[in-house]
Amino acid sequence: MLFLEFVENSFLTSIVRKSGKSIMRTSSILRAITRDGSALIVAADTAAVTQRACELHGLSKTMTAVLGRCLTAASLMGSGLKSENDTLTLQFKGDGPAGTVCCVSDSAGNVRGYADNPSAELPPNQQGKLDVGGAIGQGMMYVLKDLGLSEPYCGVSEIVTGEIAEDVTAYFVKSEQTPSVCALGVLVNRDLSCRASGGFLIQLLPFPDEATVTKIEENVGRIELVSALFDGEAPLEEIAARVLDGIPLDILDEAPIEYRCNCSRERYGQALASLGREELERLISGGEPVETKCSFCNSAYVFEAAEIEGLIV
């Protein structure tokens, strides 16, 4: 059987393990604005999303942190898209053992992702933490926004640390001229399941109050472990209030999010058809079925020679 892999299931609740106990957990995302209109905060609890990624990709401990952070960042960034059909792709192309890491979010914050080397493992970094930066390495970060136009928007930024949150922060400041701060955290159990995963993104709005900006900077500076904010059952409204302590907030919306792959047999048939007559005839001449596989959810779709012949225009 020939094998073709195209880079392209829906899960809402996953079992997250804590202290040897399994609990049902639903991922969700919240958006809020400071009452004076100075800043927007988006916070997401992505433990169930990250756990589903662990199950799909067989992630190592380090790669759970890598993909969990990237999935969270993509969800936070994607939730700002306007149209229901808009998507955002966050991609890291570094020279570290993780290889390319790619995550895609829709406008609701539902997300999917993969890494070239899901089993890559590294010893702890100098701070004794999972070495996400070492796994990513040096290279470039790409942000692609498909807004339904003739060409997608593509933003490019050099990887700063590989820790993902710092890279996203730098991207917004340099590429979109939006003063922002992104913070992400993932905790992994000894059995390689996800214990906690989440993060927040704060972005200043036009003409912010300087006193509010100063207060935000002070609050963010006091946060030592982002993962600790999400290692519990605190509601996102409470987490947002902790992050922006002393700053009145108005909640805009809150909704569940999930690890959602939109692959289908029809989509992969279309992908095969896009190869063109010459390539399709070559596949048929081999006399073997062709298996396609989704990088995001590992679903496989097998096409017999007769089916491939039907794709030739």
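Q: Is Thr292 buried or exposed?
A: This is a predicted model. Thr292 sits in strand β16, which spans residues 290–294. Buried means under 20% relative accessible area. Thr292 has a relative accessible area of 0%, so Thr292 is buried.

Q: How many Å separate the C-alpha atoms of Thr292 and Phe303?
A: Thr292 belongs to strand β16. Along the chain, Thr292 and Phe303 are eleven residues apart. Their C-alpha atoms are separated by 8.0 Å.

Q: What is the order of the strands in the open sheet of five strands?
A: Strands of a sheet pair through backbone hydrogen bonds, either parallel or antiparallel. Here the pairing is antiparallel. The edge strands, β12 (180–188) and β14 (249–256), each pair on one side only. From one strand to the next, the twist averages 10 degrees. The order is β12-β13-β6-β5-β14.

Q: Which residue in β13 is the bridge partner of Ile41?
A: Strand β6 covers residues 39–45, and strand β13 covers residues 194–204. These two strands pair in the antiparallel sense over seven bridges. The partner of Ile41 in β13 is Ile202.

Q: Which helix lies across β12 and β13?
A: Helix α1 (residues 47–57) lies across β6 and β13, at about 125 degrees to β13. The helix across β12 and β13 runs at about 165 degrees to β12 and spans residues 165–175. That helix is α4.

Q: How many of the residues of α1 are buried?
A: Helix α1 is mostly covered. Its buried residues include Ala47, Val49, Arg52 and Leu56. After α1 comes Gly58, with a positive phi near 60 degrees. Of the eleven residues in α1, the number buried is ten.

Q: How many residues apart in sequence are the parts tied together by Glu163 and Arg69?
A: Side chains of opposite charge can pair when their charged atoms come close. Glu163 and Arg69 form a salt bridge, with their closest N and O atoms 2.8 Å apart. Both residues are buried. Glu163 lies in the loop between β11 and α4 and Arg69 in helix α2, so the parts tied together are 94 residues apart.

Q: Does Asp106 count as buried or exposed?
A: Asp106 meets Arg260 in a salt bridge of 3.8 Å, N to O. Asp106 is in strand β8 and Arg260 in strand β15, 154 residues apart. Arg260 is partly exposed, at 35%. Asp106 has 17% relative accessibility, so Asp106 counts as buried.

How values were computed
Residues are numbered from 1 along each chain as its sequence is written. This is a predicted model: local features need pLDDT of at least 70, side-chain atom pairs count only at pLDDT 80 or more; totals for chains, interfaces and linings use all residues. Side-chain values use heavy atoms; hydrogens and water are left out. Two strands pair if DSSP finds at least two bridges between them. Helices (H or I, at least four residues) and strands (E, at least two) are DSSP runs, numbered from the N terminus. Axes are lines fitted to C-alpha atoms, for helices over the stretch in contact, and angles run from 0 to 180 degrees between N-to-C directions. Contact means heavy atoms within 4.5 Å. Buried means under 20% relative accessible area, exposed over 50%, partly exposed in between (1.4 Å probe, protein chains only). A salt bridge is a side-chain nitrogen of Lys or Arg within 4 Å of a carboxyl oxygen of Asp or Glu.
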